[in-house]
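Look at the sequence and the structure below. Then follow the chain through its strands, its cores and its charged side chains.

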Amino acid sequence: GILWSTDGINWNFDNRVTDAELAITYINTSEVSVQNPLLLGVNNNPYLAYSLDGGFNWLLSPMDVIDADIADCLWDGEKWLIIGNGTTNTIAYSYDIINWTAVSNSKTLIADATNGFIAYNGSVYIAGGLTGNKRAYSHDGIIWFQAAASFSATHIDAVWIGNIWVA
């Protein structure tokens, strides 16, 4: 389930979302046309959990474009992106959190995204996964390319620190 608290001391449990190893991303109401803040949670199942009331109540939405192990999510100010270990796709994007479009070559670029990551610095998106330690990049989050370098670690995250990516 999902735990939520308004003060960090007293916690409430929402058991409608199970197996919630969630990576929670918050977006503010000025970035999305909803009355309340929108939160997106991803877990190691082919489901997305989302909240339209700031995290108090959660809804489950089955994921059909990535059918297993959704690992990470990202809001870029315009659209959501997710990465996971799908049978045919590993990266997808959505403008409304409900309807998702798969990145058609994502399984070729990142074959195993079980513990994958996706990051954005305002100009470039970076994504990675396990098998072959491949990384991919995009300038729009829709069309992706293979990154020139590979990494030797089995799970890498990437963070933009203002002038360089650190992985």
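A119 has I126 in β12 as its bridge partner. The model is predicted: local features need pLDDT of at least 70, side-chain atom pairs count only at pLDDT 80 or more, and totals for chains, interfaces and linings use all residues. Residues are numbered from 1 along each chain as its sequence is written, and side-chain values use heavy atoms, with hydrogens and water left out.

Strand β11 (residues 117-120) runs antiparallel to β12, and 4 bridges join them. Two strands pair if DSSP finds at least two bridges between them. The two form a hairpin with 4 residues between them. In its turn, G122 has a positive phi of about 100°. β12 also pairs with strand β13 (residues 135-138), again antiparallel, over 4 bridges. There, S138 in β13 is the bridge partner of Y125.

Which way do the residues of β12 point? Y125 and A127 point one way, I126 and G128 the other. In a regular strand the side chains alternate between the two faces of the sheet. All four β12 residues named here are buried (under 20% relative accessible area; exposed is over 50%, partly exposed in between; 1.4 Å probe, protein chains only).

Now go inside. The largest nonpolar core has 14 residues. Such a core is a set of buried Ala, Val, Leu, Ile, Met, Phe, Trp, Tyr and Cys residues joined through side-chain atoms within 4.5 Å. Among those with the most contacts inside it are I118, A127 and W144. β8 (80-84), β9 (91-94) and β12 (125-128) each supply at least two of its residues. Leaving aside neighbours within four places in sequence, I118 is in contact (heavy atoms within 4.5 Å) with residues including L81, I91, A127 and W144. Apart from this core lies another, of 13 residues, among them L48 and W100.

Charges come next. Side chains of opposite charge can pair when their charged atoms come close. A salt bridge is a side-chain nitrogen of Lys or Arg within 4 Å of a carboxyl oxygen of Asp or Glu. The count comes to 2. K79 bridges to D76, with the closest N and O atoms 2.8 Å apart. E78 bridges to K79 at 3.8 Å. Together, D76, E78 and K79 are linked in a network. Is K79 buried or exposed? K79 counts as buried because its relative accessibility is 1%. E78 is partly exposed, because its relative accessible area is 48%.
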